[in-house]
Amino acid sequence: MPTPRAAMTTIDTAAFSKGALQVVTHLQRAGFEAYVVGGAIRDLLLGTNPKDFDVATNATPEEIRQTFRNARIIGRRFQIVHVRSGGEIIEVTTFRGNHDNDQPTQAARASQSGRLLRDNVYGTLEEDALRRDLTINALYYDPTNHQLIDFLNGAADITARLIRIIGNPADRYTEDPVRMLRVVRFAARLEFDLERDTEAAIAETRHLLADIPAARLFDEWLKLFMNGFSEPTFMLLSHFDLLTSLMGDDIDISMAQQRSLELQRKALGNTDKRVADGRPVTPAFLLAALYWPAVAHRSAALTTQGETPIQAMHSAGQQIVQQACRRLTVPKRFSLAMRDIWDLQPRLERMQAKKVRDLLAHRWFRAAFDLLLLREQTSDMTSRCSDFWEQQQAKHPELVGSARGQREQPPGRGRGRRRRRPSSP
Ligand code: ATP
Ligand code: MG
């Protein structure tokens with residue numbers, strides 16, 4: 001057991017979310033231990049603004065629920081409680097404890113490969129720290145007495161700018177292979193290095209990502225690519241040979257060809273810039289650009305077999321989406337958009353006068369035009385038709401994207417009641 005370290009630290013509680021402070025004090029008044037934990041403390045020590053505030057406590061999910069008027073237990077694999085406080089939702093988790101993988105119980109269960117399918121064994125604060133993924137994410141702060149609790153030298157790793165897995169990296173990756181993706185995400189976002197063993201073990205366990213359900217991989221994909229650091233993240237995933245495990249073999253054609261990689265990097269860079277500027281981003285455009293080299297390759301092959309460019313693009317898009325979805329469950333609204341963006345490419349290249357209005361009005365015209373620009377900039381295509389489309393947009397600005405929504409409202413009732421995942425964070 002590591003030595004507990006508690007230190008008085010100057011963390012600016014003014015930067016704390018009101019909701020998190022209220023939740024912590026409320027739990028403490030009810031007689032429980034409670035701390036702000038994880039990313040928020042890491043980010044405050046780094047001097048950046050936390051994205052969200054998580055709370056850890058020794059109260060069980062049921063006890064948490066009973067302590068608050070507005071609380072809901074969610075999750076199965078890993079139960080957490082969402083507490084609504086003010087306008088915020090604070091994620092409250094009960095301290096996790098150790099469990100024996102050979103003895104499956106109601107609370108904890110592992111797959112044959114050792115992956116944890118359920119992790120609801122509760123424990124002490126120290127045990128909770130040991131079950132977290134990275135040392136820099138295992139810092140606890142008590143805003144009532146300003147104590148920072150750091151069992152695993154997380155603060156020192158923040159100073160040294162190191163990503164270090166807690167415990168034996170190969171074991172921790174085996175328990176949850178998504179931790180490899182988290183390691184890369186934090187390394188790219190914080191510009192930290194990987195500690196030697198944290199890095200070395202990836203080669204041993206990367207194949208285990210194949211067992212992760214495609215829906216969870218897509219959730220993780222959104223966190224990796226929609227948060228403003230997609231370009232360094234992509235390069236690091238590729239460096240550690242994790243990219244194809246995440247996005248399938250089709251993503252890799254690019255690596256062989258400088259031109260394709262350049263197109264992908266520009267798309268990633270543009271996305272990051274949009275996030276930095278606070279402009280909206282859609283996974284559909286980025287996915288369409290990242291798989292574009294594969295689609296172009298496939299479609300070229302189909303044209304040599306006699307299909308027209310428009311038919312070939314359509315079938316190629318269908319095939320690539322289908323293969324990608326074996327790894328990542330791309331929700332239909334995005335995969336349909338990706339295929340539209342690809343289908344529009346040969347149509348835009350034709351520059352037919354009588355089709356101009358319809359094409360400009362297409363819901364995905366802007367995204368398709370952006371892909372066309374990237375293709376020209378990276379000499380993926382020889383002719384320049386962006387000038388033509390630039391002029392058409394200037395002539396009919398009111399038309400651009402005006403058919404928006406036509407396809408989004410399929411007939412039928414009850415859509416409003418369904419809970420939907422946000423399109424991007
Ligand atoms: P972000 O700023 O991206 O929200 P975060 O560190 O808060 O970063 P979350 O995904 O919100 O990351 O997770 C909250 C905390 O839960 C983490 O700091 C970490 O301690 C723990 N955690 C999350 N996922 C895992 C995992 N797969 N294995 C172990 N611990 C995890
Ligand atoms: Mg968080």
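Because the model is predicted, local features need pLDDT of at least 70 and side-chain atom pairs count only at pLDDT 80 or more, while totals for chains, interfaces and linings use all residues. Residues are numbered from 1 along each chain as its sequence is written, chains are lettered from A and ligands numbered from 1 in the order in which they are written, and side-chain values use heavy atoms, with hydrogens and water left out.

Salt bridges come to 21 in a search of the whole structure. A salt bridge here is a side-chain nitrogen of Lys or Arg within 4 Å of a carboxyl oxygen of Asp or Glu. One of them joins D128 to R132, with the closest N and O atoms 3.0 Å apart. D128 is buried, at 3% relative accessibility, and R132 is buried too, with a relative accessible area of 18%. The word buried stands for under 20% relative accessible area, exposed for over 50%, and partly exposed for values in between (1.4 Å probe, protein chains only).

Another salt bridge is made by the side chains of E175 and R131, at 3.1 Å from N to O. This pair links distant parts of the chain, 44 residues apart: E175 belongs to helix α6 (residues 169-175) and R131 to helix α4 (residues 125-131). Helices (H or I, at least four residues) and strands (E, at least two) are DSSP runs, numbered from the N terminus. E175 is buried, with a relative accessible area of 12%, and R131 is buried at 11% relative accessibility.

A further salt bridge brings together the side chains of E349 and R375, at 3.0 Å from N to O. Here too the pair links distant parts of the chain, with E349 in helix α17 and R375 in helix α19 (residues 365-377), 26 residues apart. E349 is partly exposed at 30% relative accessibility, whereas R375 is buried at 5%. Elsewhere, salt bridges that share partners join R131, R172, E175 and R179 into one network.

The next topic is the surface. R347, R350, K354 and K355 form a positive surface patch. Patches are made of residues with over 30% relative accessible area and no salt bridge; like charges are joined within 9 Å, and nonpolar side chains (Val, Leu, Ile, Met, Phe, Trp, Tyr) within 5 Å. Lys and Arg count as positive and Asp and Glu as negative, while His and the chain ends are not counted. K355 sits in the loop between α17 (332-350) and α18 (356-361). Its relative accessible area is 36%, so K355 is partly exposed.

Strand β4 (residues 71-74) contains I73, and A71 lies in strand β4 as well. A71 is buried, with a relative accessible area of 18%, whereas I73 is partly exposed at 29%. Contact means heavy atoms within 4.5 Å. Leaving aside neighbours within four places in sequence, A71 is in contact with I64, R65, V81, H82 and V83. A71 and V81 are ten residues apart in sequence and 6.5 Å apart in space, C-alpha to C-alpha. I73 touches P61, E62, R65, Q79, I80 and V81, not counting residues up to four places away in sequence. Between I73 and E91 there are 9.9 Å in space, C-alpha to C-alpha, and the two are 18 residues apart in sequence.

Terms used:
Areas by Shrake-Rupley, 256 points an atom, 1.4 Å probe, with all protein chains shown as cover. Charge placed at Lys NZ, Arg CZ, Asp CG, Glu CD.
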